[in-house]
Amino acid sequence: MDRSEPQLITDTFTDVEAAAAVLRTGGIVAFPTETVYGLGARCDDENAIAKIYQAKGRPSDNPLIVHCASVQEVARVCRQVTDTAKVLLHHFAPGPLTVVLHRQPWVSDRVTGGLDTVAVRIPAHAQARKLIQATGTPLVAPSANQSGKPSPTTWQAVWEDLHGRIDGVLMGEPTQFGVESTVVDCTVSPPCILRHGGLTYEALAEVIPDIDPGLVQGELAKRSPGTRYRHYSPTAQVVIWEIGQPFDENEQAAFLGLQAPAEIRQWPYVMEYEEVADYMRGFYEALRQVDRLGIQRVYCQRVEAIGLGKALMDRIERASAP
Ligand code: TXA
Ligand code: MG
């Protein structure tokens with residue numbers, strides 16, 4: 001889908017009430033959550049939802065997550081909150097969890113991409129929750145990036161991608177998790193993880209021991225449209241790097257990881273994170289910074305795909321896909 005030409009005046013807000021007023025009257029406003037910044041619209045406003053797809057250049061069959069302030073609100077969007085979903089929401093909401101359930105008939109095809117299911121989440125972030133409450137309806141909100149780019153973890157990154165295309169940005173702190181929510185399909189038994197994210201498989205499995213950790217690629221693409229598209233990609237080439245792998249001695253590139261080898265300390269951009277959680281929190285912003293600096297290639301250290309490492313490796317692999 002083509003992106004529209006910039007033609008809006010984008011306001012920056014510190015006041016939740018002011019941002020909610022714009023949403024109530026059909027505007028689209030970006031806001032912080034604990035995962036990444038989202039681009040919000042009222043979930044019952046077809047025109048505003050269409051503007052989201054336009055602003056991002058998002059394929060129209062890629063459905064949106066409905067952000068609710070409470071479990072009661074989830075029940076108004078979904079035909080039935082299944083027992084599994086109840087258990088998951090009880091343990092992990094509010095937080096970086098999205099559940100997929102059958103939709104209520106009033107939820108439009110524009111939200112669900114024509115599916116008979118809807119993805120719902122209750123964010124933990126205080127500004128996000130206040131914004132939903134002040135608007136008075138749940139908010140649909142994809143990540144507030146230009147489609148295909150790394151998701152924004154700062155309001156400045158939202159501005160970089162979308163100013164002139166959206167009505168406003170509610171300014172907040174950099175986000176806590178730095179990758180998106182974990183999406184769990186609760187319409188199947190056992191429930192199945194469609195996207196790894198801020199809530200780990202291990203934490204989910206403590207509560208639902210038979211939860212399916214994920215489908216093989218082809219099947220996943222049918223059930224979770226977002227996984228079909230190229231994602232999270234900077235302009236720079238992303239290369240997965242393993243400890244011990246040598247570098248070309250003439251190369252000047254960027255490095256992200258847990259241990260930077262001594263021979264690359266002089267590179268123009270080297271980010272060494274203490275823990276996987278820090279690497280994950282900083283990952284998208286680091287990719288953006290590599291592009292701002294005009295660096296052509298970024299080496300990303302592989303981490304073990306356990307705990308948060310699963311979501312991080314998923315994003316690194318997608319970013320590095322040709
Ligand atoms: O953390 C997050 O989830 C962030 C913040 C803003 O809340 N939002 C986010 O939205 O990442 P987005 O639109 O970038 O990703 C939504 C993902 C996509 O992969 C989409 O295909 C999937 O959720 N999805 C949405 N509705 C679905 C449905 N009914 N069935 C299966 N997958 C669905
Ligand atoms: Mg996204």
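What follows is a short exchange about cysteines and strands in a predicted model.

Modeller: In this predicted model, local features need pLDDT of at least 70, side-chain atom pairs count only at pLDDT 80 or more, and totals for chains, interfaces and linings use all residues. Residues are numbered from 1 along each chain as its sequence is written, and side-chain values use heavy atoms, with hydrogens and water left out.

Colleague: What rules out a bond for Cys192?

Modeller: Its closest cysteine sulfur, in Cys186, is 10 Å away, which is too far. The structure holds 0 disulfides.

Colleague: Why is Cys43 called buried?

Modeller: Buried means under 20% relative accessible area, exposed over 50%, and partly exposed in between, with a 1.4 Å probe and protein chains only. Cys43 has 5% relative accessibility, so Cys43 counts as buried. Cys192, at 1%, is buried too.

Colleague: How do you know that β9 pairs with β5?

Modeller: Strands are DSSP runs of E, at least two residues, numbered from the N terminus. Two strands pair if DSSP finds at least two bridges between them. Strand β5 (residues 97–102) and β9 are joined by 4 bridges and run parallel; Val99 has Val184 as its bridge partner in β9.

Colleague: What makes β9 and β10 a pair?

Modeller: They share 3 bridges and run antiparallel. Val184 is partnered by Ile193 in β10, and a hairpin through 6 residues joins the two strands.

Methods:
Chains lettered and ligands numbered in written order. Disulfide = S-S within 2.5 Å.
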